[in-house]
Every structure is written in structure tokens, then in C-alpha cells.
Amino acid sequence: MPAASTAANTVADRPRLERWIRFGVKPLVFGAALLPAAWLVAGVFEWQGFALGANPIAAILHTCGRWTLNFILLTLTVTPIVQLTGRSEWLRLRRMLGLFAFTYALLHFLTYLVLDQSLDVRAVMQDIVKRPYITIGFTALLLLVPLAATSTRRMMRRLGRRWQQLHRLVYVIAVLGVWHFYWEVKADVRQPLLYAGAVAVLLGIRWWKRRGSRSATFRAGVGRYARAFCSARAASQIAASTSGPPTQVASGIASPK
Amino acid sequence: MYRRKLSFERAAGIVPSEITPRDVYFNRRELLRAVGFGAALTALGSAIPALATDGLSYRKNLRYSTTETPNTYQDIATYNNFYEFGTGKGDPAANAGTLRPRPWSLTISGEAEVKGRYDLEDILKPHALEERIYRLRCVEAWSMVIPWVGIPLGDLLKRFQPTSRAKYVAFKTLLDHKQMPGERSTVLDWPYVEGLRIDEAMHPLSLLVVGLYGQVLPNQNGAPLRLVVPWKYGFKGIKSIVEIHFTERQPRTSWNTAYPEAYGFYSNVNPAVDHPNWSQARERRIGAGLFNARIPTQLFNGYASEVADLYRGMDLRRYY
């Protein structure tokens, strides 16, 4: 990791919050994010009384789908937390959360393809074309692919400003994902509406922020933090000045482009 | 007041002495325990209703039973659609404890000579229970094989002498959000209502069910009385029935009201007519394991040779 090679950024003087997130929160979240999958595996093998019930395929399908949405929501929560606390260190969690969303989405689709439809590709294609809720869900999965593929530090650097534009696709994905859920349920739309509400709040915060202070806060805010994190130099600078207010930090960093 | 001679008893020629006194029936376990099982049986003789113990006495009807392996009791009693107790498949098993299936009264109304409100035990008494192993095809494209215990619906309906204006039979579930907490939600328009054309209702395959696997029906499966129409999607099998109404006009049905494009009045199992959200061509047999492929769905759920005549000349795509 480039940041670690900089002399000014040794473990010893890395600020406390960043260290806490990196070595405490992040591994903990990583472990917790694996729990739904572990629960499913335990259920499939009926280990220690774990069970998936009469319809295990539906249980796997719905668990993976639900956690895809959960991780998309968590990913969207990171930026507001950064804005609220003024601590950009929380951004360290975002890529991992996003990649878990992608992983569970992929498992969700593979469960449908392999277990539910027994690899009947023709039936799956027909479903994708004919059933609007599957069309929407599949579109959301396809849109997640480029985001996962460009999640590396190298791709962030290479794409520069366009990286952020590309990754705004997650807003579209969140809407499509909840819509997919809403159309899937037979009658009880309470849960999908709850998710829709959460997405509305998370996107609303962004819209409100953007409208509220178009020039200073927004431009110097999250967007720049995201880009700042691509660059090794920026990372060390943020590390060195975490006590300052966010605008100060941002102003100290040269834009990568 | 309770032992007032009921109108259907006159019609069916039932003498009041044939009917178990209410206190004897409801204290039957204590009675059995006190006297000793065998002695109690002798003492009460034929007065013990069919539900005298949790184990029912019934004969097996092989003519109307499939030879396919039934699902386990566990699967049948824990994977349910019974929105009156919640919309999750496990909710009914978890929440149906609040239902009090006994005592239970059933109202017969509408276009019939004999009408009124009756105690369920009294109504069932003249009928011999039989076990039938039926396929159950849920509209959600899964299926089970279930050993029901019940009586032919037609046999019961005939006792109330439906008039010539009785073209349809409507059914209604209990409306009581204390017993059925799911009815507090607005997921469906409560109470749950269903209906059949009179010839469908009189068809020998239509069954009024009181038991499962030789036992009294568990609450989550629709205790104490539910309908099973094996050639139709499972949701036609209305649960915890409190009223049967004979009518001249096609009755309203709950799922048809909620989403008419997806759920028709007839709702006969038909692999050629898809649900808007999924294909009905294949179904997942519950209990078949993780890697078993779906099996093809049969027209009228495999009961076409018995019921296809009911729909001769009808466009099943239009009347889905």
C-alpha cells in the first residue's frame, strides 16, 4: 500500500480514528458481513440445529437478496456519516460494504440460476425479458459489475473525476433494487416500502446538501474526499490533519486532475 | 338455548340424543382420564364425536388419493400462507396459537332451505371422515403432497338443501383481530373470502378438511375447518371458515380483489397461464432437496380426468 511507504505515515503517528477504523471497525464489519452467508451454509448442512425450513432455495434466495439491499443502504450511509461527523476516515469502510453488496447480489442471482432454475438458461432469459421485476433486478446486477470492477485504488486513480461520476450509478442501483423487491412481493409491501423510505432519505440528504450549498461545502466536500483517497499523497495529508475541519483538509489537497 | 333443536337437525333427521352434550365433549379428556380410555369409550358409545381425541377416526379413500410420497408433517405445518397470522411462511406456525378453534360455529346462509348458525361439532357429526392424499399446488409455483382428513364438501352442502338460485357458494374466514393478529394489517381486505361455482363445490374432489396426518388440523393450517380444492391454486382453500353462503351471483374473492390481473375467480392450476411475475409451467416440490429440478405443472394439477368436464367450452385463458 503506497501510503504505508511514506515516512510521515508510519503506524505510530497514524491518527487514532483512522487506526481504530482500519484495525478495529473494518475487520469487525467484515466478519459481520459474512454472517448471513455463514448462517446459510450452516442451514444447508443443518449444522447445530440451524435450518432453512421447508423451502431452503427460497430461503437462500431471499436472504441473499435482502442482504444485497442492506449493504447498498449501508454503502449509501457512509457519505452522510462523513458529512455529519466531518471525519473522512469513515470512507475506509465504503468500498468493502459496496463489494459485499455486489457479492450478495451475485449469490442471489446464482441461487436463482443454479438452484431455482437448475441452469435452464432459456427459462432465465425468458424471465429476464418477460417479468418486469426480474428485468429490473437483472439490470441492477449488471450495473453493479462496472462498480465492482473499478473499485480498486488503481482504477480510482486512472478514472479520476469520471470514477466518481461512474460510481453515482449506485443511486440508480439502489432505486432499481428496491423496486425489484417491491414488485416481487405478492401483497405485503410493508418491507419494500421501508427500504424505499431509507433510500429516499439517503438520496434526499445528498440532494439537499447539493442544493443547500452548491459551491463551497459540496465541491470541497465528499467528492474531493473520495478523490483524495485515491492518491497516496492526499491520504498522508488527511492523516496528518484529521483534527482540522473538513474544508480545511480539502483545501490542503491538490485535485488529482 | 344451545340445545334448541337446530333446523338442519330436523332436516337431516338427527335426534338431539345423538349429540354429545357440550360439557361432556369439552371435558372429554378429563373424562377419558378419569374413567380409563376403554371404559369411557364404552360408556359414551357412539356419542363420542369424531374429534374425541386429537387422533381422528377415518377411513382411507384410495380412489381419490395420489400414490406420491406425502410431505412431512413438519413441512406441511411450518410452511404456510395464512396472512391472518402474518405474511412470512413461518409466521402462521409461530403466531396461530391465539386462534381458538373450539368451540366454533358455522353459519349457513343465502339460497338454501335450511339455514342458521350451528356448532361445528354438531354439523360434522353425521359425516364419516376420510383421508385423501392430495397434491397441493400453490400459486407461488411450489407444491406439496398432503394427507388431509375431511368430508366431501358436497355431502355437507346438500344437507342444507340449496335452492335452484344457488349458483355459487361463498366462504368466509373468521374476522377477529384478537385471534388473528394479521388482520390488523391492511395487506388484504379482511375477512378473507373465497367462492366456488356450485358444480365445483358439489364435485366429489372438493373437500372440507378438519385433519392432517390423522390428527386434528393444526391452527396454522386452517383449523378447525378449511376448504381444499385440489385442482385449483392453494389460496382457493380458504381457512378457518365461519360462514358458507349460497348465492346466485359470482361472489367476490380476496385475491381477485387485491390483484385481479394475477388471480382470477377460477384459479384452476394451469401451466399455460402465467402469473405476471413468474411462469406456472413448472413447480418446486417442497422437500425435494437443494439440487432437484422443478417438475412440470399439470393442467388442473393432475386432476383433469375428474374435473375437465366442469370447464368444457370455457376459454381457460380468459377465465383464469
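Because the model is predicted, local features need pLDDT of at least 70 and side-chain atom pairs count only at pLDDT 80 or more, whereas totals for chains, interfaces and linings use all residues.

Let me start with chain A. Its secondary structure comes to 14 helices and zero strands, where helices (H or I, at least four residues) and strands (E, at least two) are DSSP runs numbered from the N terminus. Of the 257 residues of chain A, 29% count as buried; a residue is called buried if 20 or more other C-beta atoms lie within 10 Å of its own, exposed if 12 or fewer, and partly exposed in between, with C-beta atoms placed from the backbone. I will also speak of contacts, and two residues are in contact if their C-beta atoms, placed from the backbone, lie within 7 Å. Among the contacts in chain A with a separation of 6 or more, 68% come from residues 24 or more positions apart.

How confident is the predictor in chain A? The mean pLDDT of the chain is 84, and 77% of its residues reach 70 or more, pLDDT being the predictor's confidence in each residue, from 0 to 100. Two stretches call for caution: pLDDT stays under 50 over residues 1-9 of chain A, where the model has 13 contacts beyond four places in sequence, and also over residues 232-257 of chain A, where the model has 49 such contacts.

One residue of chain A has a backbone angle to point out. A:Glu46, in the loop between helix 2 (16-44) and helix 3 (56-85) of chain A, has a phi near 50°, a positive value in a residue other than glycine. With 11 other C-beta atoms within 10 Å, A:Glu46 is exposed.

Strand 5 (residues 142-152) runs parallel to strand 12 (residues 282-285) of chain B, with two bridges between them, and here B:Ser143 stands opposite B:Arg285. Strand 12 is in turn joined by two bridges to strand 13 (residues 295-296) of chain B, this time antiparallel, and B:Glu283 has B:Ile295 as its bridge partner.

Is B:Glu140 buried or exposed? It counts as buried, because B:Glu140 has 20 C-beta neighbours inside 10 Å.

What about the interior? A nonpolar core is a set of buried Ala, Val, Leu, Ile, Met, Phe, Trp, Tyr and Cys residues joined through C-beta atoms within 7 Å. The largest has 70 residues, and those touching the most other members include B:Leu106, B:Trp148 and B:Phe171; strand 5 of chain B gives the most to this core, with six residues. A second, separate core of 35 residues includes A:Leu40, A:Phe100, A:Ala140 and A:Ala174.

Chain B also has some backbone features to note. Most residues other than glycine have a negative phi, and most peptide bonds are trans. A cis peptide bond, with omega about -5°, joins B:Arg102 and B:Pro103, and B:Pro103 has its place in the loop between helix 6 (91-95) and strand 2 of chain B. The peptide bond from B:Ala223 to B:Pro224 is cis too, with omega near -5°.

Finally, where the chains meet, 18 residues of chain B are in contact with 13 residues of chain A.

Methods:
Residues are numbered from 1 along each chain as its sequence is written. Chains are lettered from A and ligands numbered from 1 in the order in which they are written. Two strands pair if DSSP finds at least two bridges between them.
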